[in-house]
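Me: I would like to learn how to read a protein model. Please take me through a few features, one at a time.

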Amino acid sequence: MNSDKIILAPYYWALRLRHFLYNKGIKKSHRAPVPTICVGNLAVGGTGKTPFTEMLLRLLSSSAETAASGFTNEAAVPGSRACKVGVLSKGYGRKSKGFLYVEPDEKMTGLGASAKKRLSAAEKYGDEPLQIKRKFPSVPVAVCSSRIEGCRQMAQDGCERIILDDAFQHRALQADLNIVLIEYNRPLAKDHLLPLGRLRDIPERIHAADIIIASKCPEYLSEEEKAAWIQSLRLNTRQKDKRHDTRQAAQPIFFTHLAYATPCPVFDEGDKHYLYAQKMIVVSGIANDRPMVGYLSGQYQMSAHLRFPDHHAFTASDLKSMEKAAAKTPNAIILTTEKDSQRLRPLGDKLRSNVRQRLFYLPIETKFLTPEDEEKFIHQLLF
């Protein structure tokens, strides 16, 4: 980070000044009318905030209707009464404005009578809020650029607890619980501020987290590996761990990994016989597709990989590339991410039937490495 302070001095000190003003109360932070849980990160994209938010919904919601298909173990927080939980997001990349509740199956509408282009649901709400709403239809999911305004509206409409998706840098709203995700294979000590690295905030902000999540871990980590990763964060310490002669962080830290379920068809005419294909064509528009590709490579042989930027808006040219790749390998399954499927669904009428039959998305879920970690984490939610 010393290089960041020199090379990116104006950016670095602007971030420091902003946080100083909020920390000293010169710039005001406000609390929401109801308890809030912020799920955030310090890096741009790829840390797994959306599947982690979905896991929170499984833990906090007691409604069977909210259970996502393809997974089991729908635990709920013990000892807490059922309450109406909502999700509030900025709706990154959306082409609409203001406060909106996500309605995934509504008829596509424009922004007004004079609008020339009608918006798909992904364009109107953003792909991540849309994905959450489709998996949890009974949960209120809203988008609003002002988290304060959004929380007030959702509380007025009956939400008793709100999960804030990607709001750690939104200092105008003070969350009751800040959960910060850090990708296991990209620890803070090895990263840099944009554009030298992927950090969009100073590493010192990790001290403001109430809970730290190491995301995208291997499915098994030794206690020594966990301790070494925690030490790399250079956090304040509170007590000595006698077993490993290391110090424990002041904040609780939990290790999680990504679990994948059986691919699901993007369109109703999806032919599940393609699940048994030997080859695959991968279409991905996310920040980090390495874990997904690594998992799929154990089951299929890669025939083609069409990689796009995060939150990519697919064009007619992109669809032609998909069809061209599909024609070259007519028996291959076409696999995409859950997030990308939200933006591909409205384009179904522009794809050939044989591509729609072969296009599947890979469901994803966050899981703790150990049952003990899950139990301890649940207790942290009882505030």
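**Salt bridges, pockets and surface**

Reply: A search of the whole structure, which is a predicted model, finds 18 salt bridges.

Me: What is the general idea behind such a pair?

Reply: Side chains of opposite charge can pair when their charged atoms come close. In this structure, the side chains of D127 and R343 form such a bridge, at 2.6 Å from N to O. D127 belongs to helix α5 and R343 to helix α10, so the bridge ties together parts that are 216 residues apart in sequence.

Me: Are D127 and R343 buried or exposed?

Reply: The cut-off for buried is under 20% relative accessible area. D127 has 3%, so D127 is buried. R343 has 11% and therefore counts as buried.

Me: Which residue forms a salt bridge with D166?

Reply: The partner is R200, and the closest N and O atoms of the pair are 2.3 Å apart. D166 is partly exposed, at 24% relative accessible area, and R200 is partly exposed at 22%.

Me: Which residue does K339 meet in a salt bridge?

Reply: K339 meets D310, at 2.7 Å from N to O. K339 sits in helix α10 and D310 in the loop between β13 and α9, so this bridge ties together parts that are 29 residues apart in sequence. K339 is buried, with 11% relative accessible area, while D310 is partly exposed, with 28%. Salt bridges can also form a network, as they do for E54, K135 and E338.

Me: How do I read empty space in a model?

Reply: Rolling a probe the size of a water molecule over the atoms shows where empty space is left. The largest pocket here has a volume of about 870 Å³. Its lining has 39 residues, and those nearest its centre are G45, K49, E128, H311 and K339.

Me: Which element gives the most to the lining of the largest pocket?

Reply: Helix α3 does, with three residues. By class, the lining of the largest pocket divides into 13 nonpolar, 15 polar and 11 charged residues.

Me: How many cavities of 30 Å³ or more are there?

Reply: There are three. The largest cavity has a volume of about 80 Å³, and among the residues lining it are N41, T47, L181 and R198. Strand β6 gives the most to this lining, with three residues. The lining of the largest cavity has six nonpolar, two polar and four charged residues.

Me: What is the volume of the second largest cavity?

Reply: The volume of the second largest cavity is about 50 Å³. Its lining includes T47, F52, L181 and H257. Strand β10 provides the largest share of that lining, three residues. The lining of the second largest cavity divides into four nonpolar, six polar and one charged.

Me: Which residues form a nonpolar patch on the surface?

Reply: I6, I7 and L196 form one, with about 330 Å² of accessible area together. I7 lies in helix α1 and counts as exposed, because its relative accessibility is 56% and the cut-off for exposed is over 50%.

Me: Is L351 buried or exposed?

Reply: L351 counts as buried, at 4% relative accessibility. L351 lies in the loop between α10 and α11. The C-alpha atoms of L351 and L319 are 6.9 Å apart, although these residues are 32 residues apart along the chain.

Note on methods
Residues numbered from 1 in each chain as written. Predicted model: local features only at pLDDT ≥ 70, side-chain atom pairs only at ≥ 80, totals over all residues. Heavy atoms only, no water. Patch = residues over 30% accessible without salt bridge, like charges linked within 9 Å, V, L, I, M, F, W, Y side chains within 5 Å. Areas by Shrake-Rupley, 256 points an atom, 1.4 Å probe, with all protein chains shown as cover. Salt bridge = Lys/Arg side-chain N within 4 Å of Asp/Glu carboxyl O. Helix = DSSP H or I, 4+ residues; strand = E, 2+ residues; numbered from the N terminus. Buried < 20%, exposed > 50% of the residue type's maximum accessible area, 1.4 Å probe, protein only. 1 Å grid on protein atoms, 1.4 Å probe; cavity = no way out; pocket = protein on both sides within 12 Å on 5 of 7 lines; lining within 4 Å. Points joined across faces, edges and corners; volume = space filled by probe spheres on them. Nonpolar A, V, L, I, M, F, W, Y, C, P; charged D, E, K, R; others polar.
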